Amino acid sequence: MTADRVEELASGLADVEQRIARACAAAGRERGDVTMVAVSKTWPASDVLALASLGVVDFGESYDQEAAAKAQTLRAAAVPVRWHFVGRVQRNKCRSLARYAHVVHSLDRGPVVEALGRAAERDGRRVDALVQVSFDGDGDPDGARGGCRPEDASALADVVAGTPGLRLRGVMTVPPVGGDPRSVFDRLATLSAALRSAHPEATEVSAGMTADLEPAIAAGATLVRIGTALFGPRAPRG
Ligand SMILES: *Cc1c(COP(=O)(O)O)cnc(C)c1O
C-alpha cells in the first residue's frame with residue numbers, strides 16, 4: 001500500500017461524504033439516515049484496510065470467492081467490517097456467503113432464499129436480507145443485474161420473513177443502464193412503503209451508486225452502494 005493510494009482513497013471518501021451530506025441536506029434528511037456501503041469488488045484487501053482505518057465499516061462485494069478471501073484477511077487483521085453482498089446470489093455459494101455476509105442485498109428468488117437461510121441457520125447466524133427488485137419490465141431473474149418482478153416482491157418478502165436464519169430488512173434495486181434512474185427509485189420507494197405495512201422492520205432501501213446517489217437519496221435510499229467514486233474505475237472483468 002503506497003502513501004499515494006491511501007491519499008487517493010481518503011480524497012475519494014471525502015468527495016463521496018460531501019456528496020451524500022449535500023444530498024441529505026437537499027432532501028431534508030439526516031445524514032445518519034443514509035449508510036454508505038463501499039463497494040470494494042475487484043479492489044485488494046489492502047484498500048479495504050485503508051478505508052477501514054479512515055472509519056468506513058460497511059463494504060460491498062459481488063463475487064463470493066473474492067469476498068470470502070477478503071473477509072478472511074480482515075478477520076485475521078481483527079478489523080471489524082460489515083460485509084454486504086450485492087452480486088447475483090448462486091445457490092451453490094450460499095454456504096460460503098452465510099459464513100461472512102452480514103447483509104445480502106440481492107435475494108431475488110425462492111431457492112436462494114431457502115439455501116441462504118438454511119446455511120445461516122446451520123452456522124447459528126442470522127443474515128440481514130433485502131429483496132432485489134427489477135423494474136425493467138419482465139424482471140431480470142437470469143440477466144446480469146438480477147431482481148424479481150415488482151409484483152412478486154411482496155410474496156418473496158413473506159418467504160424471507162418466514163425463513164429462520166434470515167432477517168427481512170428491506171428492498172434493493174439496480175436501475176437499467178442509460179435510463180433515468182429517478183422513476184425507478186420512486187417506484188422502489190412506493191414498493192418499500194407498501195411492504196412496510198406488512199413488515200415494519202423492512203426499513204432499508206438500497207439504491208444509488210456512483211452515478212446516481214443524489215436522486216437515490218432524494219427518493220429515500222437508506223443504503224447507497226459506492227464503488228468508482230471511492231476506488232477509481234474498475235478494470236473490465238476478464
Ligand atoms: C459494482 C456495483 C456497485 C458500485 O457501482 P459504482 O458505479 O462503481 O459506484 C453498486 N451496486 C452493485 C449491485 C454493484 O454491482
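How many aromatic pairs does a search of the whole structure find? The search finds two. Keep in mind that this is a predicted model.

Start with Trp-43 and Phe-231. Their rings form a stacked pair. Now look at where the two residues sit. Trp-43 is in the loop between E1 and H2, while Phe-231 belongs to helix H9. They are 188 residues apart, and the pair links distant parts of the chain. Both Trp-43 and Phe-231 are buried.

The other pair joins Phe-59 and Trp-83. Here the ring centres are 6.1 Å apart and the planes meet at 45 degrees, so this pair is tilted. Why tilted? Planes under 30 degrees apart would count as stacked, and planes over 60 degrees apart as edge-to-face. Phe-59 lies in strand E2 (residues 58-61), and Trp-83 lies in strand E3 (residues 82-85). The pair therefore ties together parts that are 24 residues apart in sequence.

Next, turn to the start of the chain. Helix H1 covers residues 3-26, which makes 24 residues. From its first C-alpha to its last, H1 reaches 35 Å. That is close to the 34 Å expected at 1.5 Å a residue. Which residues of H1 are buried? They are Arg-5, Leu-9, Gly-12, Leu-13, Val-16, Ile-20, Ala-23 and Cys-24. Look at the spacing of these numbers along the helix. An α-helix has 3.6 residues a turn, so residues three or four places apart point the same way.

What covers the buried residues of H1? The cover includes strand E1 (35-39) and helix H2 (45-53). It also includes helix H8 (213-218), strand E8 (223-226) and helix H9 (228-231). Just after H1 comes Gly-28, with a positive phi of about 65 degrees.

The largest pocket has a volume of about 840 Å³. It is lined by 30 residues. Closest to its centre are Lys-41, Arg-145, Val-174, Met-209 and Arg-234. By class, the lining has 14 nonpolar, nine polar and seven charged residues.

The second largest pocket holds about 150 Å³ of space. Its lining includes Ser-62, Tyr-63, Asp-64 and Gln-65. Phe-85, Arg-88 and Arg-237 are also among the lining residues. By class, this lining has four nonpolar, three polar and four charged residues.

Glu-121 is in helix H5 (residues 110-122). Its relative accessible area is 47%, so Glu-121 is partly exposed. Leaving aside neighbours within four places in sequence, Glu-121 is in contact with Pro-164 and Gly-165. Leu-166 is 45 residues away from Glu-121 in sequence, yet their C-alpha atoms are 8.1 Å apart in space.

Ser-154 is found in helix H6 (residues 153-161). With a relative accessible area of 42%, Ser-154 is partly exposed. Its C-alpha is separated by 11 Å from that of Gln-132, which is 22 residues away along the chain.

Definitions and conventions. Residues are numbered from 1 along each chain as its sequence is written. This is a predicted model: local features need pLDDT of at least 70, side-chain atom pairs count only at pLDDT 80 or more; totals for chains, interfaces and linings use all residues. Side-chain values use heavy atoms; hydrogens and water are left out. Helices (H or I, at least four residues) and strands (E, at least two) are DSSP runs, numbered from the N terminus. The expected span of a helix is 1.5 Å times one less than its number of residues. Buried means under 20% relative accessible area, exposed over 50%, partly exposed in between (1.4 Å probe, protein chains only). Contact means heavy atoms within 4.5 Å. On a 1 Å grid over the protein atoms alone, a cavity is a set of points where a 1.4 Å probe fits but cannot get out, and a pocket is an open set with protein on both sides within 12 Å along at least five of seven lines; lining residues have an atom within 4 Å of a point. Grid points are joined across faces, edges and corners, and a volume is the space filled by probe spheres set on the points. Ala, Val, Leu, Ile, Met, Phe, Trp, Tyr, Cys and Pro count as nonpolar, Asp, Glu, Lys and Arg as charged, and the others, Gly among them, as polar. Rings of Phe, Tyr and Trp (its six-membered ring) pair if their centres lie within 6.5 Å; planes under 30 degrees apart count as stacked, over 60 as edge-to-face and the rest as tilted.
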